[in-house]
Amino acid sequence: MIPIFETQYNENLFYSVYFIVFSVDFIIAYRNMWVRRRAGAKEREFSTFFIFIGALFFTIFFSFFFGYYSYFSGIGELPEAFIYVGLVFMIAGESFRIWAILTLGKYFSPVVTVYSDQRVISWGPYSLVRHPAYGGIIILLLGVALSLRSLFSLPLVLVDIAVYNYRANLEERLLIQNLGEEYLDYKKRVKKKFIPYVF
């Protein structure tokens, strides 16, 4: 790999956390595609899945791009301590996301889906925010940008927030159509959408 960090230790630390976090996410998030019965799906919306994945890869690619640029040019390079701050964000974001996925259980799907036996989950992270899995991935991607230490990478997270907000709004419309007052009452109780006490 092209060196991007000041020391081999920092580089090994970053890539270890990076690959573990995304491997765990892939295994846990996508296992439901095989476990959950397809017959139980009442409504599915596929288009935003590709937008979601596209935003994810866009942010990661350009975070690395700007990280290399800032490292070699010195322009916009953040202090070395940001590596560790970013790693904490990566681990915290993924932990929050996994907590959300496991809490949602059989109702979680990478594709926006409403199931025939759908119910409102309002405990665990869902008592704090309405879309903790999206909140977790936003925190995780912010962590990647911080760890790669380029000032230019940080605004990329705004793209993810816009995309995930669009997807969350679509998901909420489907839930309101199918669950009605049950979801509207939940929405009134839980005001924050992605990150507890923030937004």
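Predicted model: local features only at pLDDT ≥ 70, side-chain atom pairs only at ≥ 80, totals over all residues.
Helix α1 covers residues 8–30 and helix α3 covers residues 47–73. Their axes lie 15 Å apart and meet at an angle of about 175°. Angles over 145 degrees count as roughly antiparallel, and α1 and α3 are therefore roughly antiparallel to each other. On the α1 side, the contact is made by Phe14, Tyr15, Tyr18, Phe22 and Tyr30. On the α3 side, Phe49, Ile53, Leu56, Ile60, Phe64 and Tyr68 take part. By class, this contact has 11 nonpolar residues, with no polar and no charged ones.

A search of the whole structure finds 1 cavity of 30 Å³ or more.

| Space | Volume | Lining | Nearest the centre |
|---|---|---|---|
| Largest pocket | about 280 Å³ | 13 residues | Phe22, Phe26, Leu56, Phe57 and Ile60 |
| Largest cavity | about 450 Å³ | 29 residues | Leu104, Tyr107, Tyr126, His131 and Glu171 |

Helices α1 and α3 each supply at least two residues of the pocket lining. The largest share of that lining, 6 residues, comes from α3. By class, the pocket lining has 11 nonpolar, no polar and 2 charged residues.

Elements that each supply at least two residues of the cavity lining include α1, α3, α4 (82–104), β2 (112–115) and α5 (132–147). The largest share of the cavity lining, 4 residues, comes from α6. The lining of the largest cavity divides into 20 nonpolar, 4 polar and 5 charged residues.

Terms used
Residues numbered from 1 in each chain as written. Heavy atoms only, no water. Axes fitted to C-alpha atoms, helices over the stretch in contact; angles between N-to-C directions. Parallel < 35°, antiparallel > 145°, perpendicular 65-115°, else oblique. Contact = heavy atoms within 4.5 Å. Nonpolar A, V, L, I, M, F, W, Y, C, P; charged D, E, K, R; others polar. 1 Å grid on protein atoms, 1.4 Å probe; cavity = no way out; pocket = protein on both sides within 12 Å on 5 of 7 lines; lining within 4 Å. Points joined across faces, edges and corners; volume = space filled by probe spheres on them.
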